[in-house]
Every structure is written in structure tokens, then in C-alpha cells.
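Take a moment with the sequence and the model before reading on. The paragraphs below are a guided walk through both.

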Amino acid sequence: MLNYLIKRILWMIPMLIGISLISFFIMHLAPGDITSNESAFNPKASEESRQKLRELYNLDKPIIVQYGLWLKRIVQLDFGSSFASHQRPVLWEKKDENGNIKPGLIQKALPITLLINLLTILLIFSISILLGTIAAIKKNKIPDRMITLFVFIGFAIPGFWLALILMYSLGVVNQVLPISGLHSIGYEQMSKLGQILDLLKHLALPVFISCLSGLAGISLYVRNGMIEILNQDFIKTARAKGLYEKKVIFVHTLKNALLPLITILGLSIPGLIGGSVIAESIFAIPGMGKLFYDAVLMRDFPVVMGILTIGSILTLLGNLIADLAYAWADPRIRRGLAK
Amino acid sequence: MHKFLALLILSLVVGCNNSQNLDNTNYDDLIPPESGGALTNAMIGEPNNLIAMIAGDSASSAIAGQIFNALLKYDENLGFEGDLANSWTISDDYKKITFNLKQDIKWADDEPFTCEDVLFTWKKVTDPDTRTPYGSDYQLVSKASCANNHIFIAEYDEPYAPALETWASLHILPEHLLKNENINDTYFSLNPTGSNYYALDEWTTGQQVKLKTNPNSVHGRPLLEKKITRIIPDLSSQFMELIAGNIDLMNINPIQFSRVFPSRSELNDKINLYKEMGNGYTYFGFNLKKKPFDDINIRKAISYAINKEEIINGVLLGLGEEITSPYKPGTYWENKSINKISFDVSRSRELLEKSGYQLNANNIYEKDGKPLAFEILTNQNKQREMTAVLIQRRLQDIGIDVSIRVIEWASFVNRFIKTGEFEAVVLGWSLSLDPDQYSIWHSSQQGPGQFNFIGYNNPRVDTLLENGRKELNNEKRKQIYDEFSKIIYDEQPIIYLYAGYGLTAIHKKIKGVKKITPPAGVFHNDYEWYIPRKFRRNEMSL
Amino acid sequence: MRKIIKNPMSLAGLIIISIIGILAIFAGYLSPFDPNYININAILLSPDGTHWMGTDALGRDVFSRMLHGAQISLLVGIVAVGISTIIGIILGSVAGYYRGIADTIIMRLVDVMLSIPSFFLILAVIAFLTPSIWNIMIVIGLTSWMGVTRLVRAEFLSLKERDFVLAAQTLGASDLRIILTHLLPNSLGPIIVSTVLGVASAVLVESGLSFLGLGVQAPTASWGNILTDGKEYIQFAWWLSLFPGLAILITVLGYNLLGEGLRDNFDQNT
């Protein structure tokens, strides 16, 4: 077990280097850099000043040198400053000599993305377990069919289409929910409870829409998992022993069916920091998706590389945790490894 | 779950059938000015640096423009008037401008404004270490000095006619706050101190920028106490916020102006629409270095084959005008004496055949075995895309094979424009207020990254442009630029497609907006706008 | 096959994608108008007898554009999935059959590709190249082969130890022959399921790219760009949103229903 762990962690290092190298090269394959965007077609702006800027950002050096410089800084956990946002720190806020704090880009964007993703995952898992269980119990009957149809429709609806429809009907015509943004005007004056409710109202639509498309996968997984287990011998034994039907289902079946979900939870970890650029754009949510998208278009290399680095670390960690958790939770594997 | 679904479907059904007018207020009442209140508007991008000389983007300059002043500004008829300067004089040899600055002015932090601030700003913008792309105009000043605390003198080696325009666009910065700072990096860019109507109140990154009245404002207090700019990247979301009454004004597109509003009477009860001449023009540009675009007959043939009126009606729903010179229609510099090239298919065919082109079996013009075919490039802009589609159709009809490529901006500039690897483009320039067009049309400006990327080279035009920069007498200047614009139109290195109107929707609760929009635009007098108390949003903060 | 028809859901899926497939193939014959025919006197007309689905901002008939859009959306889906499936089969076979170093390298490559968000890759490549149909198809294909690889590898791992494979190896059959005639045919089930579901995803991805302005380019019609073109005036021109949105919904639904039905079918076989 320990050997396996060590091997996996050691593998992470070359993989991270590989991922960052590939990403770095892809970004630099793109024509242009930050200097071509700012004031690109403003006849008042001059080429010499752009050249100066290029030198300042080391953009005139060969790619491998730029990568080396970046790598050197990143291992010291220095994520650098953004090109596009005029030197705002990429990761965390920095204090300058006068005590002024410049907020970090990821520092500002990550919390809201995390919140939305956590709420989404929470909802997806709870609703899916419920729906999947019902579908498994009433297999091939009407409730099963209806649930399957519902989750498939949820997956098939183009998110931005549904978003626009809901924003219009619930935000403009009926004014039940806010249309976009995170806070209402007058937010600062609200009580703590009022602020929380206000935030939840603003997040209702974005969370609903991202939840809807994720239901299909997990609820079917739960359904199929439970069906498989319900057919197995040990359940038949428990039933034969005369245990109360509901107890049979909920306690025994659910426990076994939920094991694979742990794997999925682990695999969802990297997704936690990813924001949907489309949803964030429509709902005016300043999250990681928009940060990333804008950085790609502006060729803001420090920001792009910063986000990809964090993302890949989380992915590798998430995979590792998922594998470990599954191995630990499934007594068959645990016993096997201990031998 | 089922209940929620039912509610959802119900609200959709109810919603789609009618639009409930929850807002029965009558906004048409005449109410005298009251100060206070907050205006809410929206931007699609976020400013990143409020020092305009360093920031490259329009969001930053829009906000910075509320906080800072320049020496001069434009009056409502687009003439010059004093901003931080009371008056100015130009020496007889046109090489020296003397500005008399306003006295007894204070910065928002109560420090006095003096000529030192102007001198400091000039030094910064011309400093090679300052990361500004705008230094070149100010580097033409050979000597800048302060005669005393309120007289600033700018001396030029040669008369420079666009000078006044440059002094109307340089935001003057406070020397006492920035003299020890690295201007490229300073925290001041996120928390500035200015002299104009507003000061920064609060900036919540990614969400909104709040401005509040600056009590030391050079021009006195504006009526609107606060301005809140929400950051809403998607235009359809912005439009919904406008209709729902959550933002008070918005720049709208021709379809929203001509189709959506007229079809909804309840919208017209709440919102007024304004139309003004816009600030830019869209053109079809040839790469003059690529055959056959070096042949003036081909260019003219294509110009005759394009139906510009159709483009204005199709893309802008009629909300735009044809132009024949790169100046704002209705202003002094517009050259009204040029005869338009009309839509004339037979003339177009004549010119093509005169150049040796014949229709081949596929109904495409061909010469020496090579069909007349090319690709139009444009960037991700809906109107330009639609324009390209219409042009493609017309040219296809006549027998020219055209394809379209829409490219993301940075790639567009770097892979195609800078390298000269393009055939034709649909792009735009701004309609300048000063007639100088040197950087776009002078033959010396063809380097990579410079603006004469189509490769125009005409010695007569070069001379005109050089002289135009030095001529300060307006009548003589007009003659120079009239000749310039005539030559450009005759040679058709670009085809002027249209100058679109600026369309603005402003909620009726905002009073004080001029009914007839002056040449300077509808926002020109926004310091006089006010929101009567009874129409104000429920803000407990005031 | 019978099982598919017996299951009402997968039958519905099959019917849906067949109808859409037919509409797409015969779009040229079925369109009442040329989808690129611009008529500026007919801008933004609501659905009526002549224009069953109304017209768009350049006066083009939306119904005709929807039919041609079906061609495009399905083409993108099928080609993209084709590319990813072929790559996945090749890599998965090699990894599952040969194990050892090849397996390790391929699986690590899968991990690396999964770590880089696919949307970033697609975005980056399309933004930097040009958003043409071919680039979109290739890029979606190149970023979605990981799932198929894992599937094929898993199937091979379990099939490899079976008697008929050992027999073939003893008889001296070449590796390639064993893979092609014994292993792959028996792995087809999950591959087919993954392919069908992949088409659905690709259609959704294309519409998302259109929203960002990086989808299929003007003047070609795709469901994604018809929807996007009309989003700033959905209150007025509802037909520009309703029809493409429904079309995407129904198509993706159809593929998913069929795919899941096939999965049930294959699962019960093993």
C-alpha cells in the first residue's frame, strides 16, 4: 500500500512537468501576445512601446527560456503577475511598500466558482441518489422511465438556451429571481442572513442549470449499480432471512452501490475549480471560467499557466484520492492489499 | 421535484403569453432638478487600470474619464473649450501654445492643483520607461515648462495642428501622489485621486465599479450623486437587465432599436431611445500589395458591385449613413463635394472586362486562366460578419468568388495583418475629430504593427498629410484635407461601407437628457442629469 | 436488435435519430429556400405560411437553415466521434494487449490529456487557427479519445485471458490478427455505446462554441449559430431561439436514449 502510494506520488512530478510543458507550448503556438491586444488598432499607439513591453515580459526570449523562467518561479510558489491586468498578482494578494493590497486574480475568482461547484455537486449527488434509487426499485415501470427521460432531457438541453429562457421568464417577466450578477444593489446594508439569501437567489439559476446537465450521469450510475446489487445473492439471502424490505434496500444495497460514487467524487475534485465560461458570461459571475477564457484570448500567459497548474495538481490528486478511497472502502480490495 | 417542475412550466407559460407590467409608474411627469440618486449602467468588460495613459482598453478609459480632466475638452458642438485650462493662446508662428490654467482648484484629496501636475504628467507620458503606447504625440513637444503655478507652455519644433486634440485627451495626474511611485505598477491605478466630477467609491472586482461625487470637482458638483457600473459581459443579459429596470441605460443594436422596442408599448412607457451619429466607420480594405488589387479598375469594379444602401438597410436596418471621407458627417471636416460611387452592376462588369477579365464556364470572371477569387477576413463582430456576408452575395452574383473568414482578434492582427498575409478585410476606424490621418495613410507607416497595413503609397497624399499637420489655419487646412479625401475616394484603396448611428436607450427616470442630441453625443451633459426622488431605487446607503 | 425495439426508450431514440438523419441527408431537397438566400425586405419575420420557422436578421428562411444546420451539426458530431473512436481503438488495443511500457505510457498520456481541460484545448486551438468546420471536428476528436481508450483497454484486459485467445496464440496467429478478428469484435458493445453518446456530446460542444463565436462560421448555418445570432432579441424573435434549441435538445436526447438502450442491451449479454 505504501509502495503504491509513493510510486503514484513520484509519478506526479514528471506528469506535472509534462502537462505544464504541453500547455506552455500550446499557448505560445498562438500568434500574438499581450502586446498585440492592448491598443492594437489605435493609431496613437506606437510599435516601439509595444516592443519595450515585450522585452519587459520576456516575450522576446526563446520559448524554452521563457518556460524555464516560469518553472523556476513556480516551484517557489511564485505564480507571477498578470500581463493583462496590469501586474495584479495571479494567485494571492500582494502588499506593496505603502501597505496597499493588490487583490490576487485567482484569489478573487476561485471562491465563487468553488461555491457554485460545491452546491452543484451537493445537489447532483443528493437528487441523483434519490432518483436512482426510485428508478432501481421500480425498474422498467413508469417511474423508472419518467426519471430516465427527465435526466436525459436535463443533459440534452443546451445550457445557455435554458439560461436565457429562465432569465427572461423568471427575471424579466415575473421578476422572481435576479437576472445576472452576484449581489443586489443595497447588498452592503443587508443583514448577514439577508446577504446569504441574496447570494443564494443570485446563484439559484446558475446552480440549477449546471446541476441539470449532471443529473443524468450519476442517477443512471446509481440506478444501474443498485439494480446489479439487488440481483445479487447476498441480497436474496437477506430477503430470505425475512429482514424488513425497506431495511434491506436502504442499508445493504445503498451502502454497496455508493462505493463507486466515492471514485466519482474523487474524480470531480479537479472540476471544482473549473467554471463554465458560457454560464459565467451570461450570468455575469466573475469566476474561474471567465478568468481563464479572457486570459487565453489576451495571451495572458501567467494567468493561463497558473490556472492550468492548479488544475492539473488537483486532477492528479483527485485521481489518487479516488483510487485510494475506493480501495479502502471496498473490503475486498482492502483485504487483498493487506495480504 | 414535481411541484417545482410544474411551477417552472407554469411560469414559462404565463411569461410567454404576456409580459406583466409590474411597473405602473408614470415616468413622464415634469419634475425640476434634484440632486442625489444613483445611475446604474453596465459594461461588458472590466477596467483594469484607471491611469488612462497606461491602460489600453476602453472600459478603463470610460471610468477614468469620469475621474480625471485634461487641459481641454470638447463642447457640445465639438469645438474646444477649457477643462483644466481657462483659456489658451497659440503663438503667431504656431509653435507655442500657452495654457492659462484654472486657479484655486483642488484635487479630491484637497491638495492644490498647479502647473506642476501638468508638467509632471507630460514628463511621464513621454518617458521611455513609462509603459504607454500614446507617447508619440507628446514627444513632439520640444519643450514644456511652467511660467508660474498656473501657466503651462508647450513648445513645438514645427507647427503641429492636431496638438489641441492631444491636449484634450491627456488626463492630468496629481504630481504629489505619484512623484515617488513607479507609474507602471502603482496602487494608484486601482485607487486614483482625480479632479473631475466623480471619485472612485468602491470597486468590487468582476462585479461593479461605484463612483461618488467629488466635492472638489473642477466644474462643480454633478446632480447625480453616484454612478454604479455593473460588469455584465453578455449583451443579451444586459438587455434583459435594462428591460427589467435593473440598469438605467444601454447602447443597443439596430434590431433592438427598430424591432424590439416598437413592438412593446410597455417598454416605450419606461424607456426613451436616442439616435446620434456614431463614432466610427466600417470599410472594406484591399491589400494593395496583392494582385489584382493593385489595379484601380478592379477596386472600382468591386466598389460598383457592392450595394452599400443594401448593407445599411440589412445590417443596420437603415440606422447609418454612407460616407465619402473619414470624418464625422455633419462636422466641419466632412468633404461634402465628393460624388458617390453608386451601385452599378453594368459599370462594374465594364471595368472588369476592360482589365481583361472574362466570365468562365462557372460564371466567374477569369483572366489568364486565374479566376477572380479572394478571401475576406474580419474579426468577431456580428455587424462586420453580416456585412461580409452581404458583400459576398453581391460579388458572387456578379461573378467574383468570395469566401469569408472570421478570426479572433489577436490571431487576426498577428497572423494576417502584421504579416501582410491577407487579401481583403472588413474592419473599422474611428471617425476622427481632428482631420489628421497621417498614421493611417502616410507611406512611412507601413511597418509591421503600423496602421497603413493595406500598403497605400501616394507621394501627393504624403505631402498633403505632412502639410496638413503643420497648417493651423482652418480654411487652408480644410483645403488640404478636401484634396486628400478626394484622392482617397478616387483611388478606392478602401471602400467606405457605412458610418453607423449610436443608439442609446435611457430610462425615463433619468431627467435632464437633451431631447435633441448635440453633435458631441447624448452623454455630453450627463453632469446635468438627475433622478427625481420618487423614482430612485431603494438604496439605504445614501 | 430486438431488445432495442422492445425497450420503448431506445426505440424512441432510434426513431428520433433516424428522422433527423433523413432530414439532414435530404436537406437540399426538402428546403423550400436556399439557406443562404438573403432578402433584406424579409428581415425577422415571424413564422407564417411562407416561412414556416420565420426568417433571421438577414431575411434568410430559418426552416431551410435548420435543415442544413442538421447536416452540419450531425456532420460535426459524426466526424469528431469517428476521429476520437479510431484513436481510442488504436491506443486502447495497444495498451490492453501489450501491457508493459506501452500501457504505462499510454495511460499516463491519457491522464495528462484528462488533466488539461478539454474546453481549453478546443478553445485555444480554434481561437488560434480558424473556426472552420474541419478544425472544429478535428479538435473535438483529438480531445475526446480518452474515454474510448480506457474502455477498449479494459475490455482487452478481461478478454485477453480467455480460452479462445490463448488458443489462437498457441496456433501461432499474429498479434494483429488476434486483435482484429478476436478481441475487437467482442469489444464492440461498449465502443458502439460510447460512439453514440459521443455524437450527442459533440453536438452540444459545437453549440457552445457557437455561443462564444468560435463555432461554424458565417454564412454556413448551424443550430448553434442560429441560436446565438438571435440571443439579443429573444423577446422579439422567439423563433430564432425556440427551434434550434428544441432541435439540439431532441437530437441529443435521441442519441442518448439510443445509446443507453444499447448499453443495457450489451450489459445483459455479458
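Predicted model: local features only at pLDDT ≥ 70, side-chain atom pairs only at ≥ 80, totals over all residues.

Residues are numbered from 1 along each chain as its sequence is written, while chains are lettered from A and ligands numbered from 1 in the order in which they are written.

Start with confidence. The predictor's confidence in each residue is its pLDDT, which runs from 0 to 100. Chain B averages 89. In chain B, 95% of the residues score at least 70. One stretch to treat separately is residues 13-21 of chain B, where pLDDT stays under 50. For that stretch the model has nine contacts beyond four places in sequence. Two residues are in contact if their C-beta atoms, placed from the backbone, lie within 7 Å.

Now turn to chain C. It has 12 helices and zero strands. Helices (H or I, at least four residues) and strands (E, at least two) are DSSP runs, numbered from the N terminus. The C-alpha trace of chain C spans about 75 × 45 × 30 Å along its principal axes. Of its 270 residues, 55% are buried. A residue is buried if 20 or more other C-beta atoms lie within 10 Å of its own, exposed if 12 or fewer, and partly exposed in between, with C-beta atoms placed from the backbone. Among contacts in chain C with a separation of 6 or more, 70% join residues 24 or more positions apart.

One loop residue of chain C deserves a look. C:Leu44 lies between α3 (27-30) and α4 (62-98) of chain C. Its phi is near 50 degrees, a positive value in a residue other than glycine. C:Leu44 counts as buried because 21 other C-beta atoms lie within 10 Å.

Chain B brings in sheets. Two strands pair if DSSP finds at least two bridges between them. Four strands of chain B form an open antiparallel sheet in the order β4-β5-β7-β6. Its edge strands are β4 (85-90) and β6 (141-148), each pairing on one side only. Neighbouring strands are turned by 20 degrees against each other on average, direction ignored. Helix α3 (residues 115-126) of chain B packs on this sheet and touches β5, β6 and β7 of chain B. The direction of this helix makes about 165 degrees with that of β6(B). Axes are lines fitted to C-alpha atoms, for helices over the stretch in contact, and angles run from 0 to 180 degrees between N-to-C directions.

Inside the sheet, β5 (residues 96-101) and β7 (residues 151-156) of chain B pair over five bridges, in the antiparallel sense. There B:Ile97 stands opposite B:Ala154. The loop between β5 and α3 of chain B holds B:Asp110. This residue has a positive phi of about 75 degrees, although it is not a glycine. Is B:Asp110 buried or exposed? It counts as exposed, because it has 9 C-beta neighbours inside 10 Å.

Next comes strand β20 (residues 424-430) of chain B. Five of its seven residues are buried, so the strand is largely enclosed by the rest of the structure. β20(B) pairs with β13(B) over seven bridges, in the antiparallel sense. In that pairing B:Thr282 stands opposite B:Gly428. β20(B) also pairs with β18 (residues 373-379) of chain B, in the parallel sense and over two bridges. Here B:Ile376 stands opposite B:Ala424.

Follow β13 (280-286) towards α10 (296-305) of chain B, and the loop between them contains B:Pro292. A cis peptide bond joins B:Lys291 to B:Pro292, with omega about -5 degrees.

Now the cores. A nonpolar core is a set of buried Ala, Val, Leu, Ile, Met, Phe, Trp, Tyr and Cys residues joined through C-beta atoms within 7 Å. The largest has 242 residues, and A:Phe292 and A:Val304 have the most contacts inside it. A second, separate core of 44 residues includes B:Leu72, B:Trp107, B:Val118 and B:Ile183.

Finally, chains B and C meet. In this contact, 24 residues of chain B touch 19 residues of chain C. Among the elements of chain B that each supply at least two residues to this side are α13 (382-398) and β19 (401-407).
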